[in-house]
Amino acid sequence: MQATVFSELFNYDIGEAKRMTKEKLALEVIDRLKKEYPDAGCTLDYDQAWKLLVSVRLAAQCTDARVNVVVEDLYAKYPDVASLAAAEPEDIETIVRPCGLGKSKARDISACMRILHEQYADNVPTTFEELLKLPGVGRKSANLIMGDVFGKPAIVTDTHCIRLCNRIGLVDGIKEPKKVEMALWKIIPPEEGSDFCHRLVYHGREVCTARTKPYCDRCCLADICAKNI
Ligand code: SF4
């Protein structure tokens, strides 16, 4: 039914498309990106929740690909929460330095693992509020954990999400991550949020790029995008 409504809408010109409500626009973008990237998921490798906590901290200002390589060495030496909690931050720093910001990342990872070990029996806390209290964990990371690990509603406002949502017209000139998140909560069905944000990452890397002119000519959203570039 939704598809029928939108196909009727899209028979109009781009001006009409721009007048779509943000909610309808969001649903259509979700639908198209699902078709374009059906299997999009988190690009950080992890097989246990605590490892995603570590990786997401390392991923700040670093590529996921590099993080995925670096953590192999880290987990070879420290295979569980207890061993990483017992490690000195300086020893962690030696391994994670290739991800950049080694000192602060190592300090946060160490403090975070010590809290998991001492307060959560080596488990990752399951509420957003508890996650936010962990060292080095901000709203983006907490949302990622909630969505990917616990399957809960989540909006992960990383750089791709913020850039694309502004360009597409899902938000208007909002750059601050928390404000973008709050705006998206109003228009994205909660159960769609996590996968939607993963798909924005894929689309942001492959089509709606940051460092080159976006490839609007081969974009599946071209006829509905506000193109606020
Ligand atoms: S039409 Fe262009 S600006 Fe809009 S989402 Fe696609 S690539 Fe980005």
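**Reading backbone angles, a helix and a ligand site**

Modeller: This is a predicted model. Let us begin with lysine 227, which lies in the segment after helix 13 (193-206).

Biologist: What is the phi of lysine 227?

Modeller: Most residues other than glycine have a negative phi. Lysine 227, although not a glycine, has a positive phi of about 50 degrees. Its relative accessible area is 34%, so lysine 227 is partly exposed.

Biologist: Where is glutamine 61 found, and is it buried or exposed?

Modeller: Glutamine 61 is in the loop between helix 4 and helix 5. With a relative accessible area of 74%, glutamine 61 is exposed. Its phi is near 55 degrees, again a positive value in a residue other than glycine.

Biologist: How should I read the buried residues of helix 7?

Modeller: An α-helix has 3.6 residues a turn, so residues three or four places apart point the same way. In helix 7 (residues 89-96), the buried residues are Ile92, Glu93, Ile95 and Val96. They lie on the same side of helix 7 because they cover an arc of only 165 degrees around the axis. Their cover includes helix 4 (49-58), helix 5 (64-77), helix 6 (81-86) and helix 8 (102-119).

Biologist: Which residues are around the ligand?

Modeller: Among them are Ile168, Val207, Cys208, Pro214 and Lys227. The shell around the ligand divides into nine nonpolar residues, no polar ones and one charged. The ligand takes up the space of the largest cavity.

How values were computed:
Residues numbered from 1 in each chain as written. Predicted model: local features only at pLDDT ≥ 70, side-chain atom pairs only at ≥ 80, totals over all residues. Heavy atoms only, no water. Buried < 20%, exposed > 50% of the residue type's maximum accessible area, 1.4 Å probe, protein only. Helix = DSSP H or I, 4+ residues; strand = E, 2+ residues; numbered from the N terminus. Arc of directions from axis to C-beta. Contact = heavy atoms within 4.5 Å. Near = heavy atom within 4 Å. 1 Å grid on protein atoms, 1.4 Å probe; cavity = no way out; pocket = protein on both sides within 12 Å on 5 of 7 lines; lining within 4 Å. Sits in = over half its atoms within 2 Å of the grid points. Nonpolar A, V, L, I, M, F, W, Y, C, P; charged D, E, K, R; others polar.
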